[in-house]
Amino acid sequence: MLPFDGPTWLAILDQYNQAIWPLHGVAALFVLVSIAMAFFSGRFAGRAIGLLMGVLWAWIGLTFFGGSLAPYHFAAHWLAGVFVAQGLMMVFALTVMGRGAFAWPGGWAGLLAVVLMFYAVVAYPLVGLALVDTSWSQLSYVGVAPGPTMLLTLGLLLLGYPRPPLILAIIPCLWALVTGYMAWELGMPLDYISAGLGIMAFVLLVVRRFRREERRLFR
């Protein structure tokens with residue numbers, strides 16, 4: 001059971017967004033560069049994406065969980081470590097080891113990747129603004145908040161070529177499950193959308209990773 005309610009969660013986001021402004025613009029630049037490079041195959045793109053996304057995951061761990069959420073949740077520092085670990089894994093696997101390349105896969109994998117990235121970057125805050133009585137400062141933004149960044153990461157991993165690095169999807173998938181739990185506990189049904197999309201993406205990543213007849217399945 002969460003030690004805070006829905007209004008408190010929105011107040012935490014409000015405090016956090018106001019404290020880090022205008023770094024949202026820097027995060028948005030990192031995100032857009034990562035998306036653009038994901039559509040170009042080659043290991044340089046993978047190295048750049050690993051570095052940019054690694055920085056964003058580590059930032060969220062240190063500043064959101066380790067800072068803004070820490071006074072409200074007993075496990076905030078543990079969650080901070082998990083997000084920093086995800087960032088370090090992305091840098092090590094993609095940037096240092098160069099074990100990831102990206103290309104447009106087409107089919108269902110490509111379609112879901114586009115949906116995830118669009119929802120993370122554009123729809124996540126706009127849907128919340130349109131359907132929930134919240135201000136701009138109480139919304140979750142990609143690159144600085146865990147929910148949309150989780151979706152973006154899974155969307156990028158769906159573009160992994162020839163097979164996605166599945167280990168990098170484990171923590172994002174776990175956060176999708178946490179998002180679903182928080183949606184239930186805090187009475188925020190819109191978050192069921194991001195939780196469902198995250199789980200769908202992980203399932204598809206598993207299928208793509210282990211299925212030899214991937215082309216037949218998704219084209």
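**The helices, one by one**

Reply: In helix α1, the buried residues are Gly6, Trp9, Leu10, Ile12, Leu13, Asp14, Tyr16, Asn17 and Ile20. Buried means under 20% relative accessible area, exposed means over 50%, and partly exposed lies in between (1.4 Å probe, protein chains only). The model is predicted, so local features need pLDDT of at least 70 and side-chain atom pairs count only at pLDDT 80 or more, while totals for chains, interfaces and linings use all residues. Residues are numbered from 1 along each chain as its sequence is written, and side-chain values use heavy atoms, with hydrogens and water left out.

Helices (H or I, at least four residues) and strands (E, at least two) are DSSP runs, numbered from the N terminus. The expected span of a helix is 1.5 Å times one less than its number of residues. Helix α1 covers residues 6-20, and its 15 residues should therefore span 21 Å, which agrees with the 21 Å between its end C-alpha atoms.

Helix α4 (residues 76-96) has 21 residues and reaches 28 Å from first to last C-alpha, close to the expected 30 Å. Its buried residues include Leu79, Val82, Phe83, Gln86 and Met90. Just after α4 comes Gly98, with a positive phi of about 65°.

Helix α7 (residues 170-186) has 17 residues and reaches 24 Å, close to the 24 Å expected. Among its buried residues are Ile171, Cys173, Trp175, Thr179 and Leu186. Gly187 follows α7 and has a positive phi, near 70°.

Next comes a pair of helices. Helix α6 (residues 146-157) and helix α8 (residues 191-210) pack at about 25°, with axes 10 Å apart. This makes α6 roughly parallel to α8. Axes are lines fitted to C-alpha atoms, for helices over the stretch in contact, and angles run from 0 to 180 degrees between N-to-C directions. Angles under 35 degrees count as roughly parallel, over 145 as roughly antiparallel, 65 to 115 as roughly perpendicular and the rest as oblique.

In this pair, Met150, Leu151, Leu154 and Leu157 of α6 meet Ser194, Leu197, Gly198, Ala201, Leu205 and Arg208 of α8. Contact means heavy atoms within 4.5 Å. The residues of this contact divide into seven nonpolar, two polar and one charged. Ala, Val, Leu, Ile, Met, Phe, Trp, Tyr, Cys and Pro count as nonpolar, Asp, Glu, Lys and Arg as charged, and the others, Gly among them, as polar.

Thr149 also sits in helix α6. At 1% relative accessibility, Thr149 counts as buried.
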